[in-house]
Every structure is written in structure tokens, then in C-alpha cells.
Amino acid sequence: MPPPRTRGTALRHRLAELRGPDVPAKALDARALAALAANPGCARRAILDGAGVNKTALASALGAPSAFGQSQFALTRGNAFEAKVKADGGAELLRLVHEKLDRSAEPPDGARVPDLTATGPQGRTARTALELRDAAARPGAWTLLDHPMLALDVAGSPAFLEPDAVVVHPDGSWTVVEIKSFPMLDGSADPAKVGAAARQAAVYVLALEEVAARLEPAPRVRHRILLVCPRDFSNLPAASAVDVRKQRAVTARQLARLTRIEDIADALPEGTCFSPELPAEELTAAVESVPATYAPECLSACELAFHCRSRSRETGAVTSLGRAVRAELGGLTTVEDVLAAARGEAGDPGDPAVAALRRAAALRAEALEAACR
């Protein structure tokens, strides 16, 4: 008689059913995890990411293809730049770490670069943890981990993350390294892109902290990460130390707010599946069975944003106007409700949002009357 399935095995089986038969899971990377943490109330994104659904293919099947993501040219350029930064055993990368983050340490004269090859993400995660523990036990030496694998629990489901690099300093502390292909002009880069990189790095810092917590004594995970970009319009590396304490705190708080994926899965109708191979009507019904929390910010972070925006506009949801507007309107959740309240046809006059809308409507009417004289 076969042993009973554990809760974790049952959840993995359920998530596989949601993806569709024989559909491989799409790995949840730090970029997606940072976007998920930025919108923790969106159950739709949580379950799709937790199940490993390819949202790009899903969006195309729904008739709202995504414009989100990097071009093949940008990916190729980024890979070439990363290879240059890490050449010669990471000599230039370690020099930048020493210069920007740890001038008090001995300059790196060569470093240990362990082989992190293993079978599957679980194997690579275990191998990374082993090498980090070994590096922490070698005081006075530099260690460079090239594309280590880290695990982070996300709403009860493990996410496997792969930072560009992690450096172990001679004092045993750990630093996350992010290598990006956008330029650093005159010593500074696009603030929006730096912010996105900081949010992504904060996810890696959280995952590293979980590894460190299992060691005795626990190594220090530095909250200043190294951001490496091309200098001006060349292919030469420039670097900047970026403090991610704020992003780390926000991400940790938002991830803690995420509804557990198994709770979302249990609430779905029996037989729900998000396979792009399904007929359009059936697929649309499956996606709509999970509530979404759309905001304009989703357009730069989620592959399903165009589909969710369309649905939000069809229902007149005020979330399509932005989170700030939504917060000001209190219990008024649709544009129709807002207009009715402004005209005095509905709403409690004692509600501050309703009162503000009526004052605004009165001022607008006065301005139009004055303009027509």
C-alpha cells in the first residue's frame, strides 16, 4: 500500500494540475518576486507564479499579449557584459567590491571560485549553502560564488533564486552583486532602473539571510549591495554601492502579507487549469475565477497587465486610476459609484470621500458657469 501523500506533495500535485498536463513549471525569479511583493493583494499573480504558469504564453492565449520583458538584443548584450566582468576568476569584480565596499580588507589577490554544479534547483541550493558555510570558515580569504542558487519561502511555496554573484569577504560577511547592462553615465544611472535593481537585490538579501541564520555563528549579510554597470557607453565596468535596507524591509513585510498559495488553490473551482492550450472561453473563465488587484504600475511588472487592465475598465473599477486615487475614495469602488456620489445621487454625506467629491463637483460647475459668461 503506497504511503499517504504529505501536505507539501499534495500542493505540488495541485499546482501541476493548474499548469496543465505535462507543462513544465516556469521558475519564479527575483524580478518576478519583487513585482509580486509590490502587489501582495493580487491573488491571481500569486497563484500563477506559485504554480509556475508561463504568464507570457497565457497573456497571448487570452488575446492580450504582453509587451513586458527584455529584448533578445538586451539579453545578449547583458550576458556579454557579465562575462567580461567575471573574467579572469572575477578579478575585476572583486577589485570593485574591495574599492566600493571593503577598503579596510586586504586587496583581493586571487579568490576561491567554487564549482556550484549540482542536479536540479534543490541540489544547487544545497551546494551553495555548503560552499557559503565553507567560505565563512576561511577567515582572511576572498570567495566568489558565480550564479549561486538560493531558496526563499513565498506564501508556503519555495522559490529558487539565482543572483549574478555573491562575494564572501575576508571577515566572513556576504555581499550580493547585481550586474546590469544599463549604463552608468558620469557615475550615476537611471534612478528608476537602479530602484528596480535594488528591489531585486533585496530579495536575494532576504534569501541569503535565511542561509546565514542556519549557521553558527551566523555570518553578516551586508545590506549594501554592489551594482555593476557599463561605464558611459563603453563595455568597461563601473560600480556603485547601493543600500537596500529600505527595499529589504518593504519586501519582507509584503511577502509576509501574501495569502498562502495553498489557500488560494483550495478556493478554486475543481478542475481549474491555466494551460494556454485550452479554448479561449474556458481559459478566460479560469483566469477570472481568481481575483486580481490591478493598478497602472502592473504595466511595467506583470505579463497579464493588459488583460487585467481591460477587465478593470470594463467593470469600472477605480483601481484602474491608480492606488493613490483608490485610497482616497474609501468605500467607493467603481467609477459609477464615484460619479453618483459627486452628483448627490448616492453616498453618505458624512463620508469624507463623498463630501470631497461633492465639493469638487460644485467647484467644477461654478468654473464652467463662469467660463460661459
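Is K180 buried or exposed in this protein chain? K180 is buried, because its relative accessible area is 14%, and buried here means under 20% relative accessible area, with exposed meaning over 50% and partly exposed in between (1.4 Å probe, protein chains only).

The structure is a predicted model, in which local features need pLDDT of at least 70 and side-chain atom pairs count only at pLDDT 80 or more, while totals for chains, interfaces and linings use all residues. Residues are numbered from 1 along each chain as its sequence is written, and side-chain values use heavy atoms, with hydrogens and water left out.

## The chain as a whole

The protein chain has 373 residues, of which 43% count as buried. Its C-alpha atoms fill a box of roughly 80 × 70 × 40 Å, taken along the principal axes. The chain has 15 helices and seven strands; helices (H or I, at least four residues) and strands (E, at least two) are DSSP runs, numbered from the N terminus. Among contacts between residues at least 6 apart in sequence, 64% join residues at least 24 apart, where contact means heavy atoms within 4.5 Å.

## K180 and helix α8

K180 is found in the loop between β5 (174-179) and α8. Not counting residues up to four places away in sequence, K180 touches R31, F81, A197, Q200, L227, V228, C229 and P230. The side chain of K180 also makes a polar contact with the side chain of E178, at 3.3 Å. A polar contact is a pair of N or O atoms within 3.5 Å; within protein, one must be able to donate a hydrogen and the other to accept it, and residues adjacent in sequence count only if both atoms are side-chain atoms.

Helix α8 covers residues 191-213, and with 23 residues at 1.5 Å a residue it should span 33 Å, which agrees with the 32 Å between its end C-alpha atoms. The expected span is 1.5 Å times one less than the number of residues in a helix. In the loop between α8 and β6 (224-230) lies P217, and the peptide bond from E216 to P217 is cis, with omega near -5°. Most residues other than glycine have a negative phi, and most peptide bonds are trans.

## Residues in other helices and loops

Two residues other than glycine have a positive phi: the value is near 55° for D88 and near 50° for H147. D88 belongs to helix α6 (residues 87-101), whereas H147 lies in the loop between β1 (143-146) and β2 (150-154).

| Residue | Relative accessible area | Class |
|---|---|---|
| D88 | 73% | exposed |
| Q122 | 53% | exposed |
| H147 | 24% | partly exposed |
| E131 | 9% | buried |
| V354 | 1% | buried |

Q122 and M149 are 27 residues apart in sequence, and their C-alpha atoms are 8.5 Å apart in space. E131, leaving aside its neighbours within four places in sequence, is in contact with R112, P114, D115, L116 and L145.

V354 has its place in helix α15 (residues 352-372). Leaving aside its neighbours within four places in sequence, V354 is in contact with L332, A341, A346, G347, D348 and P349. V354 and Y294 are 60 residues apart in sequence and 23 Å apart in space, C-alpha to C-alpha.

## The second largest pocket

Y294 is also one of the residues that line the second largest pocket, together with R44, E288, P291, A292, T293, C308, R311, S312, T315, A317 and T319. On a 1 Å grid over the protein atoms alone, a pocket is an open set of points where a 1.4 Å probe fits, with protein on both sides within 12 Å along at least five of seven lines, and lining residues have an atom within 4 Å of a point. About 160 Å³ of space lies in this pocket, where a volume is the space filled by probe spheres set on the points, and grid points are joined across faces, edges and corners.

Helix α12 (residues 305-314) gives the most to the lining, with three residues. The lining residues divide into five nonpolar, four polar and three charged; Ala, Val, Leu, Ile, Met, Phe, Trp, Tyr, Cys and Pro count as nonpolar, Asp, Glu, Lys and Arg as charged, and the others, Gly among them, as polar.
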